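The sequence and structure come first.

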Amino acid sequence: MPDTKKFIENLSGAGKSIGVLTSGGDAQGMNAAVRAVVRMGIYVGAKVYFIHEGYQGMVDGGDNIKEASWESVSSMLQVGGTVIGSARCKDFRTHEGRLHSALNLVQRGITNLCVIGGDGSLTGANLFREEWSELLDELVESGQISEEDSQIHSTLHIVGMVGSIDNDFCGTDMTIGTDSALHRIIEVVDAIMTTAQSHQRTFVLEVMGRHCGYLALVSALACGADWVLIPEMPPKDGWEEQMCQKLSENRVDKKRLNIIIVAEGAIDQNNKPVTTDHIKDLVVRCLGFDTRVTILGHVQRGGTPSAFDRILASRMGVEAVLALLEASPGTPACVVSLCGNQAVRVPLMECVQMTQEVQKAMDEKRFKEAVKLRGRSFENNLHTYKLLSHHKTDAELPHSSFNVAVLNVGAPAAGMNAAVRSAIRVGITEGHTMFAVSDGFEGFYKGQIKEIKWGDVGGWTGQGGSLLGTKRTLPAKHVDKIAEQMRIHNINALLVIGGFEAFESLLQLVDARSSYEEFCVPMCMLPATISNNVAGTDLSIGADTSLNAIVETCDRIKQSASGTKRRVFIIETMGGYCGYLATVGALAAGADAAYIYEEPFDIRDLQSNVEHLTEKMKTGIQRGLVIRNENCSENYTTDFIYQLYSEEGKGVFDCRKNVLGHMQQGGAPSPFDRNFGTKIAAKAMQWISKKLTEFYREGRVFANKEDSACLLGMRRRALVFQPVTQLYDETDFVHRIPKEQWWLRLRPLMKILAKYKTSYDVSDAGQLEHIVRLRAKDNSAI
């Protein structure tokens, strides 16, 4: 109802001052968070101050605490680390240090703090908040501040954002920096794989994670490592023989390399460290394999932030300012976090206590509990890794007598191969005979169907495109031939991985059930399309890789524009009629405007954008970036917009245009897409197994209920199986997009950060949730 809506226009920061600092270990994306806090703070009328060098700068005061301007955070988005500096600070741990800090803040009227750091930094902030009134009393007594100052600044509000590459903080699915660190690890692993293959070598890689195995676990999932060692799951006694046996089996299977990933905090059952050298000696001694050790070290903290981290940090930064504006004296210090695809606020100390409980459980060898406490995301990663890592012999496998076919449909999307590999291996583990169909439904009706074994999909996770081959052909014209092939190969279930065509295909097959009993089998679709234009899911396999390709190109273009000065670039992205890539790419690249079909625009809007850029050229930021979705308007084409900007900007700026084209479909899949594809394919195969048993009657499978043909999508916080027939009404088939799209809520955010006045519905924000409640919803989470 309209009257329950809450808009940013009604929230004012006038008279408020916000201090922003980064503390503890640096993480890529911290700058994006600082930029969002500064710009959102200034946008609502507050003063925002940089506190340089973390808590040390707060203790020392002076020039370390400086007022920020809109321009001062320009060009920060694409820079790794933290531009405002971070330091481990002993002084802040003392009462004296915190007293100095309180004085420095009061002198500048700062009573709102936004702290970006790990659990140590956030615990320190909470202690500071709890002591605040005592510290002010002391300052009044010593005559350093007046009684009136003490009254005006009586409450200190604190909001935290977790910046940590280890993802070791409970209460959030992803911390700022984790995705970028995974990018660095996967880049290295991909590079190492080519050299290892040449020499038939075994590589032991050490990744960061002193107390948390998230990076090791997810990178092992994303590259299909042979073995992983993490602190939360020490290997069982006798693991050395097991590991060596698995490595040698893989070599017998014609695999030319082995990859073992070790978290720096890896331990055995007796809490003794397991080092990379120990593993290397073990492999050399037992198997005689040529083995090398690579320690990744600080490479993982470096480099430019990924698209995911920029968007996460920008969303969190804006949410943090909203939380500070809405805080009252009784509001507990909170952390802005991510739950599925939803921004939530959780009490800071609940998160810290939970994080400390994990360590305690590990110290006391309660490892299963430690994994549970880590949260849903960690648990599901571990579950998927275990599912995929144990290759049993044929004699050990259950035998189901079911045949399951897997195919790709539509345009290629990075991560499709990871999904196929995962589906094939989980299917084999469940006892099914797996069939691969080449070239989508075109290959299906031509009979290009063959059995596929465990070893056939080795090394597929890191490959871009579609190794099975994919076509846009829909099944409707060939249903009789497809039904015949289903009969010939006795196919009992279908897993279709693809985009909008895959969705349409499933609807057509469901339609054909009345005429062909062959299609009365469980069918599941996994959304895989760079356009992210399928109903029933917030995210699709391939979209993250594509976003990273767009953002990387935009970064280079911005650099070129900065050098030449007074230049505006018009960039065209793919996506059909769906503006996801253009909008989210614009937010991640720091664009000035993004034109999309979902938000109609006219010549007046174009004129106002030109005027906005003309104003911008008068400041220190003399460059512009405008993104246009390929189908945003029939008449306002990329050429038209380029010519209009060129004409209107004469004498103020010049223009260049760039059509990104098919580079957005190519490249190796990002860690997110590998992981997402792997996890949802595993979940889909387990669903198929369940449905096959459910619908098995009198020696055959017969499934014609609507819940036997589903799309598995991520909706807000959970992975949900939704009947495709129900999603029919949620879809605009003319423009091939869902009728409602969650990411449209990010558009005002993009505009605010580009200095446009806009209306922003913040009704979704402001719900303080408890970790216990978050955990109660874990059953179907990713």
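Seven strands, in the order β3-β2-β1-β4-β5-β10-β11, make up an open sheet with mixed pairing. Two strands are taken as paired if DSSP finds at least two bridges between them. Strands (E, at least two residues) and helices (H or I, at least four) are DSSP runs, numbered from the N terminus. The model is predicted: local features need pLDDT of at least 70 and side-chain atom pairs count only at pLDDT 80 or more, while totals for chains, interfaces and linings use all residues. Residues are numbered from 1 along each chain as its sequence is written, and side-chain values use heavy atoms, with hydrogens and water left out.

At the edges of the seven-stranded sheet stand β3 (65–67) and β11 (342–347), each with a single partner strand, so one side of each has no neighbour in the sheet. On average, neighbouring strands here are turned by 25 degrees against each other, direction ignored. Axes are lines fitted to C-alpha atoms, for helices over the stretch in contact, and angles run from 0 to 180 degrees between N-to-C directions. Helix α11 (residues 348–363) packs on this sheet and touches β10 and β11, its direction making about 85 degrees with that of β11. Contact means heavy atoms within 4.5 Å.

A further open sheet has four strands in the order β7-β8-β6-β9, and the pairing is parallel. Its edges are β7 (227–229) and β9 (291–295); each has a single partner strand, so one side of each is left without a neighbour in the sheet.

| Strand pair | Sense | Bridges | Residues opposite each other |
|---|---|---|---|
| β5 (157–162) and β10 (334–339) | parallel | three | Met-161 and Val-336 |

Helix α9 (residues 276–287) lies across β6, β7, β8 and β9, and runs at about 170 degrees to β9. Helix α8 (residues 239–252) packs against α9 at an angle of about 65 degrees, the axes being 10 Å apart. Among the residues that meet are Trp-239, Met-243 and Leu-247 in α8, and Ile-279, Leu-282 and Val-283 in α9. By class, the residues of this contact are nine nonpolar, two polar and one charged. Ala, Val, Leu, Ile, Met, Phe, Trp, Tyr, Cys and Pro count as nonpolar, Asp, Glu, Lys and Arg as charged, and the others, Gly among them, as polar.

What space does the largest cavity hold? The largest cavity has about 540 Å³. A cavity is a set of points on a 1 Å grid over the protein atoms alone where a 1.4 Å probe fits but cannot get out, and lining residues have an atom within 4 Å of a point. Grid points are joined across faces, edges and corners, and the volume is the space filled by probe spheres set on the points. Four cavities reach 30 Å³ or more.

The lining of the largest cavity has 32 residues, with Phe-308, Leu-338, Gly-340, Leu-539 and Phe-672 nearest its centre. Elements giving two or more residues to this lining include α6 (178–199), α10 (307–326) and α18 (543–564). Helix α22 gives the most, with six residues. The lining divides into 20 nonpolar, six polar and six charged residues.

Conventions: 1 Å grid on protein atoms, 1.4 Å probe; cavity = no way out; pocket = protein on both sides within 12 Å on 5 of 7 lines; lining within 4 Å.
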